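User: Hi! Could you walk me through the salt bridges in this model?

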Amino acid sequence: MLRKKSGFTLVELLVVIAIIGILVGLLLPAVQAAREAARRMSCQNNVKQIGLAIHNFESAYRYLPPARIDAAPGFPVVEFGVPAPPTGTISHGPGLLILPYLEQNALYSAYNLQLHWADPANAAVIATHIPAFICPSAPEGKRTDTGNAPGSTAAPRWLASASDYSIANGMNGRLGLAPLNRMPPIPGYVFGDPSTDSLQYIGAILPMSTISSFTTGMSPPFYNKRVKSRFASMIDGTSNTFAWVEDAGRPTLYRVRTAIAGSRASGAGWADPDSEFWVDGFTTDGLTSLGPCAMNCVNNNELYSFHTGGSMAVYCDGSVRFISANTSIPLLAASVSSSLGEIETIQE
Amino acid sequence: MKRSPLMGSCCHWLAVLATFVVPFVAGCGSDNLQQPTYPATGKVTFGGKPVAGAMVVFHPVDKSKFKWEELPQAVTNEQGEYSLHTYSSNDGAPAADYTVGIALVPVADEGEDQVKLEKNRIILPVRFADPKTSGLTAKVETKATVIQTFDLPSK
């Protein structure tokens with residue numbers, strides 16, 4: 001009787017190895033995609049937390065947490081006990097006021113609103129990393145921005161923990177004018193006339209600022225007006241208006257997906273009053289402003305995320321949506337502006 | 001005993017299957033809907049002097065072939081020279097006839113710096129901004145094109 005030969009031939013082994021190779025090849029991108037999907041979900045969760053925080057703030061104060069606070073000589077911000085400084089301004093960033101609603105009450109208590117945000121007394125607070133402000137998809141994780149103390153070019157420099165989220169509360173009105181005509185023009189806006197430069201597509205969450213240039217052009221420099229952003233003034237509907245958006249990766253400057261060595265994207269810190277921004281639109285290489293690219297082209301005070309194909313935004317109704325990177329400038333302007341009567345919704 | 005012929009053909013088929021699967025794994029090519037562009041450079045002067053920081057935007061006369069975001073644009077350098085951008089840096093513009101609008105705009109939006117920038121700015125007449133009233137035209141051909149210098153009259 002012949003003994004049955006057991007074992008595999010070389011060809012069979014090679015085929016099995018090839019198949020395993022192909023399966024692993026299929027699996028690896030899927031695993032990477034699953035990891036990014038998880039990071040994206042975590043990022044979405046952060047944005048949702050911020051959305052809930054501003055709603056809880058609104059419940060307590062009857063208006064939304066301001067994009068920034070500025071007290072100027074002669075003009076205190078009495079709502080938050082910010083005194084009028086003898087010179088310069090006392091300013092605070094957008095992340096600070098929602099800290100108690102992000103379970104960071106202790107940190108909020110340690111911050112002194114009577115002093116400038118970059119005052120040495122606030123240094124420990126503004127340098128604290130807050131998980132809800134950091135998007136896991138941003139490559140560098142916990143980042144710190146640095147700059148000079150107010151009115152000084154010497155040390156000590158302040159250190160501010162970065163936030164990947166901030167407020168887009170305006171759209172550059174020049175995008176609607178000749179020679180660009182990239183979106184519907186704003187009535188009354190005259191090109192090159194500084195007195196009408198304030199006629200931007202104004203967003204929902206505005207600065208509570210006595211620096212008039214933030215809301216009414218350049219002069220006078222200061223005035224006694226403290227804008228309170230309320231849901232009632234959002235006539236486009238809260239579900240059609242951005243509250244907070246992603247501008248990830250600051251203070252490192254990113255163009256498209258490349259970090260630019262030696263360059264800084266300003267306003268990174270969650271406590272930095274310059275954190276909020278107006279959207280300008282950029283060319284697709286991220287080099288020149290007023291281009292057709294609405295997001296993910298440059299992270300210097302524009303919409304930017306490290307997610308493929310778009311970025312996260314929380315709307316004023318508290319809903320979080322993933323905004324497609326192909327969103328056109330007019331559609332983006334409709335979502336940024338709160339009261340120009342457009343109710344177009346960005347498709348997810 | 002000879003091995004079963006079924007066993008041999010099974011492995012054979014697996015190998016054949018693998019060859020068919022690989023191209024699928026390699027992925028699909030992306031649709032390239034961009035128009036071909038040709039490098040286009042030029043210069044802007046105002047009363048004979050070069051204009052720095054002017055935004056030059058080319059509006060196609062026949063818009064049917066252009067999507068809204070396909071608006072070749074560029075900003076002039078210190079010598080008043082520009083190189084058009086449509087999809088990527090200095091890639092030029094699709095070959096077509098254009099009307100041109102030119103306006104001075106801030107290159108970057110950086111808070112207080114912008115205010116200073118605007119105060120030191122020369123003012124170009126508004127009519128040059130709108131391609132309908134500027135009277136400026138240009139043609140980009142299917143090769144590297146040097147656009148004629150736009151000398152804006154100062155009066």
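**Salt bridges in chain A**

Analyst: Happy to! Arg68(A), Asp70(A) and Asp274(A) are linked in a network of salt bridges, where a salt bridge is a side-chain nitrogen of Lys or Arg within 4 Å of a carboxyl oxygen of Asp or Glu. This is a predicted model, in which local features need pLDDT of at least 70, side-chain atom pairs count only at pLDDT 80 or more, and totals for chains, interfaces and linings use all residues. Residues are numbered from 1 along each chain as its sequence is written, and side-chain values use heavy atoms, leaving out hydrogens and water.

User: How many salt bridges are there over all chains?

Analyst: The rule is applied over all chains. The count then comes to 11.

User: Are Arg68(A) and Asp70(A) buried or exposed?

Analyst: These two form a salt bridge, with the closest N and O atoms 2.7 Å apart. Buried means under 20% relative accessible area, exposed over 50%, and partly exposed in between (1.4 Å probe, protein chains only). On that scale, both Arg68(A) and Asp70(A) are buried.

User: How many residues apart in sequence are the parts that Glu79(A) and Lys228(A) tie together?

Analyst: Glu79(A) forms a salt bridge with Lys228(A), their closest N and O atoms being 3.3 Å apart. Glu79(A) lies in the loop between strand 1 (69-71) and strand 2 (90-92), and Lys228(A) in the loop between helix 4 (213-216) and strand 9 (242-246), so the pair ties together parts that are separated in sequence by 149 residues. Helices (H or I, at least four residues) and strands (E, at least two) are DSSP runs, numbered from the N terminus. The value you asked for is 149 residues.

Technical notes
Chains lettered and ligands numbered in written order.
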